[in-house]
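Q: Could we go through this model together? I would like to begin with the ligand.

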Amino acid sequence: LPTKLPHTGTTIFTVMSALAAEHGAVNLGQGFPDFGADPALLQALTDAMAAGHNQYPPMTGVPALRQAVAAKLNSLYGAHYDADRDITITAGGTQGLITALHACVGAGDEVLIIEPAYDSYDPAIRLAGAVPVGVPMTADYRIDWAAVQAAITPRTRALVLNTPHNPSGRVATADDLQALAAIAEQHDLFIVSDEVYEHMVFDGAQHESVARHPALRERSFLVSSFGKTFHVTGWKVGFVAAPPALSAAFRRLHQYTVFTVHTPSQHALAAYLADPAPWQALSNFYQAKRDTFRTALAATPLKLLPCEGTYFQTVDYSAVSDLPELDFARWLTTEVGVAAIPLAGFYQRPQERRHVRFCFAKREDTLAEAARRLVAGL
Ligand code: PMP
Ligand code: GLN
């Protein structure tokens, strides 16, 4: 067989979830809720199937869902996306990301990714024949715009932005987006903006979507996912919003990769989006979980890093152990009984830091049991 991605193993999320299951650990590794979705959303799915929405939808997605997405983006971010022309429903954020990257880069192009970087960016870029160029964040996980500028070459074609940021929990500021706009305009870059945690932003901060910034919006593929927003990661439904030329390029590939996405979920999500309350309540919902978890972890020697958004808490464990991150995450899972994700999984090159990430999208009793084990075992 021709070997694609020869240096790529199984994703760190799969590895750690398997290890957690094998050892009966509380799984705070892979990011997914351990509680149910809103019964109203589940009912809407049943209703959609009973109503006969079980055949192919239009290639670009169910119109009612595209309309709901466009209306939400336009009112939240002051954008002007057209539901028919500019919104495409995808099989989760993952497919949105890889298809967007394939639509805008090709052989020999370089794509900047901000490290630590979500693990699908690197292989998605390589599969397009392009070269991922990792730009390290600052020591406290801010985007280092001077380093971004310094990494640009005549071959740089695109940059992948992720805010709120997995795994650090940092949220980009308006100044960050201004800096990005200046660089993107100067070097004529495409932006693939991963905003799957757009509705999880804490302490009154505002999510800075590329859609809010006209200069960025016109060169960006905005990627989001209903899995995160509505606690249904297994549904794998998301969307990409992009201006007309970019959407046209995206759809040329989309039609021959997935063609369409699961029809009944799209109808259910369209109906559910009629009420803004669920996504409007999400930041407060997760902020309360973050606070509970941080308070519990304060009784351990783990050093808590700032968490401004997402459902991830990153910690520095150097007061506990000098093991490298992957070894520590394995030890924590097998000996302490709590699974975490080593940040090493988010870099192209080995790192010196001692950081792991916990997911707090969990029931109160799950978080309490994890904290009990961490307090007893560290
Ligand atoms: N981007 C980031 C930063 C993520 O954390 C995730 C979820 N793991 C995705 C993309 C993929 O989203 P989905 O599960 O909808 O494919
Ligand atoms: N995005 C999730 C995380 O960061 C996991 C998704 C996956 O398992 N690929 O944990």
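Q: Which residues are closest to ligand 1?
A: The closest are Gly92, Gly93, Thr94, Asn166 and Ser225, among 14 residues that surround ligand 1; a residue counts as near if its C-beta atom, placed from the backbone, lies within 6 Å. This is a predicted model, in which local features need pLDDT of at least 70, side-chain atom pairs count only at pLDDT 80 or more, and totals for chains, interfaces and linings use all residues. Residues are numbered from 1 along each chain as its sequence is written, and chains are lettered from A and ligands numbered from 1 in the order in which they are written.

Q: Which element gives the largest share of that shell?
A: Helix 5 (residues 92-104) does, with three residues. Helices (H or I, at least four residues) and strands (E, at least two) are DSSP runs, numbered from the N terminus.

Q: And how many of the shell residues are polar?
A: The shell has 10 polar, two nonpolar and two charged residues. Ala, Val, Leu, Ile, Met, Phe, Trp, Tyr, Cys and Pro count as nonpolar, Asp, Glu, Lys and Arg as charged, and the others, Gly among them, as polar.

Q: Moving on to strand 2: are its residues buried or exposed?
A: Ile87 and Ile89 point one way from strand 2 (residues 87-90), Thr88 and Thr90 point the other way, and all are buried (20 or more other C-beta atoms within 10 Å of their own, with C-beta atoms placed from the backbone).

Q: Which strand is joined to it?
A: Strand 8 (residues 238-241) runs antiparallel to strand 2, and four bridges join them; pairing requires that DSSP finds at least two bridges. Val240 in strand 8 is the bridge partner of Thr88.

Notes. Buried ≥ 20, exposed ≤ 12 C-beta atoms within 10 Å, placed from the backbone.
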